[in-house]
Every structure is written in C-alpha cells, then in structure tokens.
Amino acid sequence: MSTLFVNAHVVTMDDDGSEHPDGWLLVEDGFVRSAGAGSRPGADETVDLGGTVVTPGLINTHHHLWQNLTRARAQDENLFGWLTTLYPVWARLDAEAEYAAARCGLAELALSGCTTVFDHHYLFPNGGNELLEAEIRAARELGVRIVASRGSMDLGESDGGLPPDSVVEERDDVLVATEAAAALADGVQVQIAVAPCSPFSVTKELMRESAALARKLDLKLHTHLVETVEEEEFALQKFGCTPMQYVEELGWLAEDVWCAHCVHLKPGDISSFATHDVGVAHCPSSNMRLGAGVAPVRDLLDAGVRVGLGVDGSASNERGDLFLEVKMAAYVARARGGPKAMTVREALRLGTRGGAAVLGREDIGRLAAGKRADFAVWRIDGLELGGASDPVAGLVFAGPHRVDRLYVGGEEVVRDGHLVRADEVEIAREQRRQAERFAA
C-alpha cells in the first residue's frame, strides 16, 4: 500500500538538508519511498496536508517517564537537593503507577511530535522488570517507539552514595534483571539499553560489569554525567578522581555510549568524547530548571560529537514536550555564544537526525528513501505564525505546538491534534489518580 502526502513544506533532514516547499512525500509499507516537489509520483492513495510543514518525527534521547507523578516538587533545589527530596517518594513506585505515568508521558510526547522515546529507568524498588514491562505496554498501545532501559542504583546512603538504601539493589540482582530485560526487545518498536544511573549512585563494580554485559548482549549504554558542579565534588571525594576520569577508567568512553546532560565538560573532555565517539543527550529546560548550567553544545557539535535532545523527567522539567526542547536548544546556545551560535534548522536537526545518531538508529530521523516513515505534520495557519516568511523558523521560534498529525512507520498515531489509539482525557484522569498516591 502506497500513500502520497501532498501540499506541504517537506523538511527532510537528509544529508543535503533538502527542503521541498509545496512538496510531497511518498510512503509505502511503512517506509519512505521518496520525497520531492513538482511532478508527483503515482500512489494507491493521496492525502492533502493543506499547506502544513512536515518534519521527521522528533526523537527523545533522555527521559524518566515515571517522574510526571511528582511534578513541581523541590522547586528551588539543586540536583542533589531535588533528588534527596524525591527519592523517598519514588520508593513507592509500582507497576500500576508506572503504567499510568508512562501512558501520560508518552502521550504528551506524541502530541509534541515525538515518535521515538528513550526512557532512563534506573529506579526499581521491588527489583525485577515489572516496571519496564508496564512502560513497554504503554508504548505499544499508543503506537510510538521506545528504547526502554534497565537502569540501576547500588550505591546507597549507608555506603556513601546519594540515594537512600530503600531504593538501591544488589549488584547481582541488577545484572540478572538486565540480562532478562534484553528479551523484551523486538528490534523495531522496542529496544533495550543498559543504563546505570550515575557516578553518585552506582558502584565502580556495577558500572564495569554493566558495560561488559551490554557489550555481550550488543546493547547500548547510557548514564548521567557532569550534570552539576556538585557531581565533580562528589566524585573527587568518593573515588579520588573526576567523573570523566571515572567513566574512562571503567571503559565507558566508547561509541556504544551516550551520556545525559554533560553540562560541565571541559575542552579536553569534549575532545575525548569526539575521539571515542561518545554521544550526548542535551536537556536544556531541565538544566535551567535545576540551575545546573548550560551545556557547551556548540563546542560539542564543532568537535564532531553526536548530540540529540532530551526532555528529562517531568519532575525537573514539568513539560514533556520535545518541540519545546528544540526551541530551548537554539535559545540557550545563543545565550551562551551569541545569535549565530545555533540556527533554527540546526536545533531541529538535533531533535531529529541528531537523536537518531545518538541512539544508533540509521533507520529513523530523516525523510529519505528506505528510512522508516516516522514523521510529524505541523499546521502553520494559527495566530502565532501569521507573518512568518520562513515556516520552519516560525515553527521553532513560536514553539511549542501541538502536532496536527503524527505517523510512526506510516501508521497514524495523532490525527487533528488528538491521539488516535487512546483517550487523552482518560489517560490524564488515571495519571492524576495515581499521582495522588505520591502527594504526601
């Protein structure tokens, strides 16, 4: 079955950065067959997109879906203060709450134009993989792609770590659960990654053994790194080295690794990331909300480092909207380096092609022949875009927006700004019911 989508400004994010005003997109059996302008190819069905903008689906490279249960807490704390406030609350997390939170978070992301979501799930109060199974079920129901991670924490407060002992696991239990989690992947809609939380919550032994296991299973690796200045102080005191020295010693500087935040990378660290092809998930809104700083994204890109965008948890961002992160990426780069530090198209590329590169996905992130038909359709006839001579710049500068249509593998997930496979009102109602359990 082939479908020709017509009457749209098509932003391909291909190698040449091609855009097709008054363009078309040909999709067949879940894949892009071609994109262009002018003479239209034949197809079984034609869909008129009514003068909209079409982009690749956005790709979220760092999230904590369960955290939308605890929004607007610890409002004036830095990262460590925020975490120590919330760890005891999150200790009550179970599969029922996880499922409600995942549906809410994934729905919010889909309505912001996001087709692929990486979730860094490092909290398993009851061990096992029940929480992972709950969020995967939510993703399948909504129709989005998910990279679910079997994360971990084993360095509790009694051993000098940040999290309370009630939320950490035994190292051997983590490794058994991680190997079991690999079987949850299907390679297309669901992938699994290995993701110990951070240097301040994971022992050296677990970091090292997790990396070995991931490489045995051919899974990607992820962790938080140098999000705050306090993290470096902690590592120096606990391990006698900087966080960068710590991950290098443990074999975590490699092309199968991407790290979240990386706000406080030094010039030598950036060179090391480039040399070892380590990716970065840039989370501008969360970093500003927690007062962590602004990541040196322009320097990372100029060094050839793979960079994508992340919402981060909705307890440190509150808004699970990846299009907002596209806008914020452009703005914080300019705040740090001036108005030419990042163009709107570079920011949009971070949210699409950049995210695909960070996750190691060659099949998504661009609208080119042979790539999966994951794409977003954006209306530009609203009040906020009147007078915008450049529709792409208008979208980014005036964002965020609710996507008009969203397709994953050629299948419609959002239509006319509403979820196709689920009831947004019911999702919101159930998420609020579960959130009440975490209110005290």
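The second largest cavity holds about 40 Å³ of space. A cavity here is a set of points, on a 1 Å grid over the protein atoms alone, where a 1.4 Å probe fits but cannot get out. Its volume is the space filled by probe spheres set on the points, which are joined across faces, edges and corners. The model is predicted: local features need pLDDT of at least 70, side-chain atom pairs count only at pLDDT 80 or more, and totals for chains, interfaces and linings use all residues. Residues are numbered from 1 along each chain as its sequence is written, and side-chain values use heavy atoms, with hydrogens and water left out.

The second largest cavity is lined by Leu-93, Asp-94, Ala-95, Phe-124, Pro-125, Asn-126, Gly-127, Glu-130 and Leu-131. Lining residues have an atom within 4 Å of a point. Five of these residues are nonpolar, two are polar and two are charged. Ala, Val, Leu, Ile, Met, Phe, Trp, Tyr, Cys and Pro count as nonpolar, Asp, Glu, Lys and Arg as charged, and the others, Gly among them, as polar.

The whole structure contains three cavities of 30 Å³ or more. Helices (H or I, at least four residues) and strands (E, at least two) are DSSP runs, numbered from the N terminus. By class, the lining of the largest cavity has seven nonpolar, five polar and two charged residues.

The largest pocket has a volume of about 380 Å³. A pocket is an open set of points with protein on both sides within 12 Å along at least five of seven lines. The largest pocket is lined by 19 residues; Arg-71, Cys-104, Glu-108, Ala-428 and Arg-432 lie nearest its centre. Helices α2 (95–110) and α14 (424–435) each supply at least two lining residues. With six residues, α14 gives the most. Seven residues of this lining are nonpolar, five polar and seven charged.

An open sheet of eight strands has the order β3-β2-β1-β4-β13-β14-β15-β16, with mixed pairing. Strands β3 (31–37) and β16 (418–419) stand at the edges; each has a single partner strand, so one side of each is left without a neighbour in the sheet. Two strands pair if DSSP finds at least two bridges between them. Strands β1 (residues 2–11) and β2 (residues 19–28) are antiparallel and share eight bridges. Val-11 has Glu-19 of β2 as its bridge partner.

Ser-285 lies in helix α9 (residues 284–289). Its relative accessibility is 11%, so Ser-285 counts as buried. Buried means under 20% relative accessible area, exposed over 50%, and partly exposed in between (1.4 Å probe, protein chains only). The side chains of Ser-285 and Glu-325 make a polar contact at 2.9 Å. Such a contact is a pair of N or O atoms within 3.5 Å; within protein, one must be able to donate a hydrogen and the other to accept it, and residues adjacent in sequence count only if both atoms are side-chain atoms. Beyond neighbours within four places in sequence, Ser-285 contacts Ser-316, Asn-317, Leu-324, Glu-325 and Met-328 (heavy atoms within 4.5 Å).

Leu-350 belongs to helix α12 (residues 344–359). Leu-350 is buried, at 4% relative accessible area. Leu-350 and Glu-325 are 25 residues apart in sequence, with 9.6 Å between their C-alpha atoms. Outside four places in sequence, the contacts of Leu-350 include Val-297, Leu-301, Val-307 and Ala-329.
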